[in-house]
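Got your viewer open and the chain loaded? Let's take a walk through it, one selection at a time.

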Amino acid sequence: MKRKYLEKFDIEPEFLNPLNWNELYIMDLPAEEQREIIKKKEAIDLFLQSDLSVKNIVLQTGIPKSEIYRLLKRCLILKNDTEVYGYAGLLNNLRVKPYITTNYENSNSGNFNKLLDDYPELHEFLFEEYFNTNKDKVREKKQSVKNIHKRFIHKCQEIGIKEAQYPLNTTSMAFKSVERYLKELLKINSSLGTKLSGKEAVALAKNTNNSSNAHTEIIRPFERVEFDAHTIDAIFSIITYTPQGDKIITVMNRLWLLAVVDVASRAIIGYHICYNNNNYSSDEVIKCFKKCLLPWKPRKLEIPTLQYNTGDGFPSYLIDAAKYGIWDEICFDNAKSHLSAKILNHLTELNCAVNFGPVATPTRRSIIERFFKTLEYNGFHRLPSTTGSNVLDPKRDNAEENAVIYEITVDHLEEIMDLVIANYNNTAHSANHGFTPLEIIQSRTERGMFIRKLPNYKRTAMNLFPIEEKVKVQGNIHKGINPYIFYKYVRYSSEKLNNDKSMIGERLTLVIDEDNIQTIRAYKNDGTLYDTLTAKGFWGKIPNSVKIRQMIMQHKYKKDFADIHHKDPMSSYLDHLSTLSLTDKKAKIKLREIMRYIKEHNINVIIEKQRLVNEKIQENQKELQENTIKKIEDKLANRKKEEPTIDVSENLNQEDSKFHLTEHYEINDRHKNIIRNSRFTVGSKRKSTPSEED
């Protein structure tokens, strides 16, 4: 029934229905107070939802009639434009209306609100001063309450408030009232208050957890991944040697960890370590993507105390459905290296959506940020060479000295990093309800959740993210110069191209793996593969990247290490950098980059194998030469034995005969000396000796 008493409340009908009110949680209140509120709630419900008279409600609940009307007024006071206080009005200590006074009382209760009502310009003054909205006045960006209060008192004096009046007649001159009022202004005008804390706070307030996509539940593996880079809070050293064999320990103050995390499972798909004291480049990002898309393999651990636990690893190694897996969407920040056209083109080829997110809002990639924090806390902050989380962290004491003393090298770093991340993927995660990231991917793929995969032709490091470049085939038939192409300071050719004179002047499309340009695939204009071309000289014997070859060749042309004579330019350049790294910081950085590349591609092993092969070839050639000389000597010796007895004629005396034989043997000895000094090769034709011609 609609009671006539409710007509005095000028509110919407929906506010009169207790079913639309928020419920109360009263279990923390004392038991007696709980029973009292339950009775009050029953009385209000009966008044608004039943036909019982007020008298009967009083008899049923024991709440007096005047109290029912008082509580009803409190419950129906508008809290804001969308709701009333409702059941909250039943709480004894809740103030639902500000205290209003008609006179400035000695208790000061309500005096500040009356002051603002009497002098509206004071409200405008406090608003402008706190939020700095008056652009005609020069003010510090974020004033303290103390400074605002001083200006407030001056303003009160300007508008005519006397010393005997409020607030000038109080001890603190309403300082606490001003402070409380500014806090209320901040709550009501939160957007203006956020601007006081800078652009980052504004971006965070605008773009974090305020869209329908912010709370989207991602459950399918590889549906969305997050990428970011993090500087490792530790100092490491790299050990190299000068040409004279002296040991150099180079300290590295900054290393970057680039990683990709799967949002659905929290698994780390792949990572890459960048050794650069400056920022990381787009090439480093592409290397990280390669390691994510190609299957991971356990490292051969050199530290004897380290070992992988059972089940540790990465999805691409342990889960068949995740091998060569491609993510559908990747979340970036707006770093310059991420905005590279090279990266965007590669991701477009993979049909992968790119989500850069708002500027300066790392919370949009909260999962990868949390992983970095966990990695530092459980891993690198425990090393003696850690720099801690900030400049005041006591852990950073003697970090550089410890890196040298303990020789915490980058080789150790790579092994530790691989083990820590592999173990992280095999550790129960709170976001997975106690399951490990690997278990989540395994379970959900077995339930039929699909992960896209790389095409078969892209499943090698050479075919994944290649660079294309068109070149013209060089050569000259008349001068006898066979066909070749020129790329990055070096000639390339193959047996097929070398013998195909018709290709001179034609154009080929090179498909290049920038991480290894030892060989290059060449395609004709119709799209068919022409041949795989190999670099000439030393560059065709070992893997070498575009970046490293450019560094070496540029220095070679500058003759910076022309006085060092080695068998290959890379050895010369390494020796050159080893010497410079004692005093030159840039040389240290370049040296680290090349040493990392050498280790990653096992170039030292390749060079050693090539050296052994060359030594074996030389030994075979030497043995062949010695065998050839021995055969010739044996043949001459046999011929000497088989010579017939000389029949000296009667008209020749004995002296002439002796002279003739001596001359004959001297010729044979000279022949043998010629044979010993000559270099015979396989299949070479022996010239006839003078004696044979005779």
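Start by selecting tyrosine 69, which you'll find in helix H3, residues 65–75. Keep in mind as you go that this is a predicted model.

Which residues does tyrosine 69 touch, leaving aside its neighbours within four places in sequence? Show Tyr5, Phe47 and Val54: these are its contacts. Now pick the C-alpha atoms of tyrosine 69 and phenylalanine 47 and check the distance, which comes to 9.6 Å. Along the chain, those two residues are 22 residues apart.

**Zoom out**

Show the whole chain as a cartoon. How many helices and strands are there? The chain has 23 helices and 16 strands. Of its 694 residues, 41% count as buried.

**On to a sheet**

Next, select strands S10 to S16. These seven strands form an open sheet, and its order is S10-S14-S15-S16-S13-S12-S11, with antiparallel pairing. Turn the view and follow the twist, which averages 35° from one strand to the next. As background, strands of a sheet pair through backbone hydrogen bonds.

Now zoom in on strand S12 (residues 481–487) and strand S13 (residues 490–493). This antiparallel pair is joined over three bridges. Which residue in S13 is the bridge partner of phenylalanine 486? Select arginine 491 and you have it.

**Colour by confidence**

Last stop: colour the chain by pLDDT. The mean is 78, and 73% of the residues reach 70 or more. Which elements have the lowest and the highest mean pLDDT? Helix H23 (residues 690–693) has the lowest, at 42, while helix H16 (residues 437–446) has the highest, at 95.

Then select residues 210–215, where the pLDDT is below 50. Beyond near neighbours in sequence, this stretch has six contacts in the model. Residues 384–400 also stay under 50, and here the model has 37 contacts beyond four places in sequence. Where pLDDT is low, the predicted coordinates should not be read in detail.

Methods
Residues numbered from 1 in each chain as written. Predicted model: local features only at pLDDT ≥ 70, side-chain atom pairs only at ≥ 80, totals over all residues. Heavy atoms only, no water. Pairing = 2+ DSSP bridges. Helix = DSSP H or I, 4+ residues; strand = E, 2+ residues; numbered from the N terminus. Axes fitted to C-alpha atoms, helices over the stretch in contact; angles between N-to-C directions. pLDDT = per-residue confidence, 0-100. Contact = heavy atoms within 4.5 Å. Buried < 20%, exposed > 50% of the residue type's maximum accessible area, 1.4 Å probe, protein only.
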